[in-house]
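This report sets out the fold of a predicted model and its metal site.

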Amino acid sequence: MPLKTGDEYVDSIKSLGLEAHVMGKRTGNLPEHPLVRPSIRAVARTFDCAHDEETKLLFRVKSSLTGEEINRFTHLHQSTDDLMNKVRMQRVCGQMTCCCFQRCVGLDAANAIFSVTYECDQAHGTQYHQRFRDYWGRIQSEDLVVDGAMTDPKGDRGKRPKDQADPDLFLRVVERKADGIVIRGAKFHQTGMLNSHEILVMPTLAMREGEEDWAVCCAVPTNAKGIHYIYGRQSSDTRKLEESDQDVGNPCFGGQEVMTVFDDVFVPNERVFLDGEIDQSGKLVERFAGYHRQSYGGCKVGVGDVLIGATALIARMNGVDRASHIRDKIVEMIHLNETMFACGIACSTLGHETAAGNYEIDMLLANVCKLNVTRFPYELARLATDIAGGLLGTLPSAKDYDDPVAGPYIKKYLAAAEGVDTLDRVKVLRLIENMTTGAGSVAYLIESVHGAGPPMAQRIMISRQADLEAKIALVKRLLNIS
Ligand code: SF4
Ligand code: FE
């Protein structure tokens, strides 16, 4: 049955034998590494949710390719309901893990590549679409995790890929052989790369004439020869190396970002989905980004639910939960969070069928969704910081909490509302700290700005999609201006 459990998934990643550079050391057995373990646990939840009674109906769906029951994280959307259920599923995962659970990038890449390969074949007589169907059918049947690799290093931002001092600053094809291509370059900000079985490589921008070598889309196994991984640091990450998990904040789950280098990696023809068709590359970027901008209307909202809950709980623990200004600030947090969700649902509801047969979101609303996400989590974090109080930045360490001399003082003076255990209060404060300034803020704040493209990218798309002339025409008709 193509529905792995979390444990089966972790075993399957272990069997790949991936290695990475982690804080100065070449490191193997990554799923057991304390910096990596929380991130693989988060991905494992996406598998277990397909088995848990209360979530399995949402997480299971019938494959359009194989007819089998598959995990929704590998599904090609067949309706606007599917698009909405994707967002709902992501909100649930955000609520459960309170971090980036990493599995949406491949899902969003697959839905974009599915429709673009179809249209590329129509325009150029290529054979990419059937290849991709065959490839993705296997991903669904084996219930694999696929990373989507888009962001190139980009070098001098004022120059095109072909004009860079080092042409490898955008990933490119360096050799074409009878049976495949050889690619070289790097991809930055690779969410969950080391928890993935496969990589879908995509171009990072619309390519122009003379940039055919950079217009490449293909699939590579994560353990392919020539790939090197360098682990990304997150603030307070070394707290995960300490004996106690008390100061980590989110003791079980966390995200993962990796710099990935492709040092002349061979890709056989059956895994190549775009090679030189420059007119398709911009479309692929826009569609992938559109799906991922929709995704943020689910995942960040789920994490926001946890932040709102933690803020309400700390207010109660501090004995201020009935103060009217506290209640109003929490209402403001809920309003902002549900506004992001509303955008995720709206761009799904107004989605449409592509020529290839899968469903695509409404581009304007998906971009509005993500533009809100670049701001609202920061306001939620500010309000949480306001309500939680200054202890958020001054709390003593777990070691002092357990110290025979300092410990009793800390416990005595951290007492708050009657009946509240001081350790529970510390745990809630550490969780809020994790999300607003610690390791969790990578996913909740930095990624909310830059993931799926920075705010300017959404503004460009909004200005393109909004049809300003039609709005001017409304005024002219109303006022009888010719
Ligand atoms: Fe999924 Fe959100 Fe992480 Fe992107 S940022 S992979 S949408 S959880
Ligand atoms: Fe992301």
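The protein chain comprises 16 helices and 14 strands, taken as DSSP runs numbered from the N terminus (helices H or I, at least four residues; strands E, at least two). Its radius of gyration is 23 Å, close to the 23 Å given by the globule rule for 482 residues, so the chain is as compact as a globular protein of that length; the radius is taken over C-alpha atoms, and the rule is 2.2 Å times the number of residues to the power 0.38.

As a predicted model, it is read with pLDDT of at least 70 for local features and 80 or more for side-chain atom pairs, while totals for chains, interfaces and linings use all residues. Residues are numbered from 1 along each chain, chains are lettered from A and ligands numbered from 1 as written, and side-chain values use heavy atoms, without hydrogens and water.

Buried residues make up 56% of the 482 residues, buried meaning under 20% relative accessible area with a 1.4 Å probe, protein chains only.

The iron ion (ligand 2) is coordinated by Tyr 296 (OH) and Glu 447 (OE) at 2.4 to 2.6 Å; donors are N, O and S atoms within 2.8 Å of the metal (3.2 Å for Na, K and Ca), and water is not among the atoms, so sites may look incomplete. The two residues lie in separate helices, so the pair ties together parts that are 151 residues apart in sequence. Both Tyr 296 and Glu 447 are buried.

| Residue | Helix | Helix range |
|---|---|---|
| Tyr 296 | α7 | residues 278–318 |
| Glu 447 | α14 | residues 441–450 |

Conventions. Buried means under 20% relative accessible area, exposed over 50%, partly exposed in between (1.4 Å probe, protein chains only).
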